[in-house]
Amino acid sequence: MCAHTFTFMGTGAGCGVPAFFCTCPACQEARAEPRARRGDCGVMVRGAESGSVLLIDTPPDTRHQLIREGVHQVDQLLLTHCHSDHISGLCEMEYMIQLRTKQNLPVYASDITVMEVAHEFHYMTYGLDFFGLEPFQTHEFDGVRYTALPVTHAPGTYGYLIETDQTRLFYASDTGRLPEETRERIRGVDVLAMDATYWKECPCPQSHHSVQECIQEGLELGAGKIFLTHLCMHYAEPVTLVELEEFCRQFDGRVEPAADGLSFPI
């Protein structure tokens, strides 16, 4: 019996889909079709029986995402890195701490990310307990193991290998081609949810994937299921959700665009 669920809270790159300033086909599709809309990236692991809630990242849309999922309390945070589209919703936790839990919120990340976040949110560190994670260190919470694995992005950025007794899942919202030691740690994972920011050509392979590069690396690693996340849909060459889903059909269900609110047991 699976005791936890994994939920994509948001699946878009920095400016979301639709972007307020953009009228490309992908953004027009998202204005007309709710299922094509994407908030900034983050995920939740929730205890099916315990009710525990762990978030990986707190994007600007955090409050709306938590309301959508019926979450009233967050127990722990893991952060991938300190870019604003992944941490600027942290301020939403302050009033929960003051008015509901009345206890400090544990926050785990690389030492670099901890330092940067503590500086950025200096006005609320009174309510946060920071814990630095070394590369390849494992943190356990409510029976789930989270191993911090270095990825190719800003200094101190982690993806997380998430393991239960039933499932091995690797989540990396922002990364180019993975470092070799990280690749070896995640070979054969049941689920890979990884950066697929660009459609076709990736202008910054040192920090992001294209859709095609994400799929190629996932297949090389023998991942059972590949979810495309951190999707921009409108950088460089736009791609609509309909077009992306059609492209993924060639992989016979093994590859799927992640969607805001998509949940599955782990």
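Two strands count as paired if DSSP finds at least two bridges between them, and strands (E, at least two residues) and helices (H or I, at least four) are DSSP runs numbered from the N terminus. On that basis, E7 and strand E8 (residues 144-150) run antiparallel and are joined by four bridges, with threonine 138 having threonine 147 in E8 as its bridge partner.

This is a predicted model, in which local features need pLDDT of at least 70 and side-chain atom pairs count only at pLDDT 80 or more, while totals for chains, interfaces and linings use all residues. Residues are numbered from 1 along each chain as its sequence is written, and side-chain values use heavy atoms, with hydrogens and water left out.

E7 and E8 belong to an open sheet of seven strands with mixed pairing, in the order E7-E8-E9-E10-E11-E12-E13. Strands E7 (138-141) and E13 (255-257) are at the edges with a single partner strand each, so one side of each has no neighbour in the sheet.

Two helices are listed below with their angles, taken between N-to-C directions from 0 to 180 degrees, the axes being lines fitted to C-alpha atoms, for helices over the stretch in contact.

| Helix | Strand | Angle |
|---|---|---|
| H7 (residues 211-220) | E12 (225-229) | about 155° |
| H8 (residues 241-248) | E13 | about 170° |

Threonine 164 lies in the loop between strand E9 (158-163) and strand E10 (168-172). Beyond its neighbours within four places in sequence, threonine 164 is in contact (heavy atoms within 4.5 Å) with Val144, Arg145 and Ile266.
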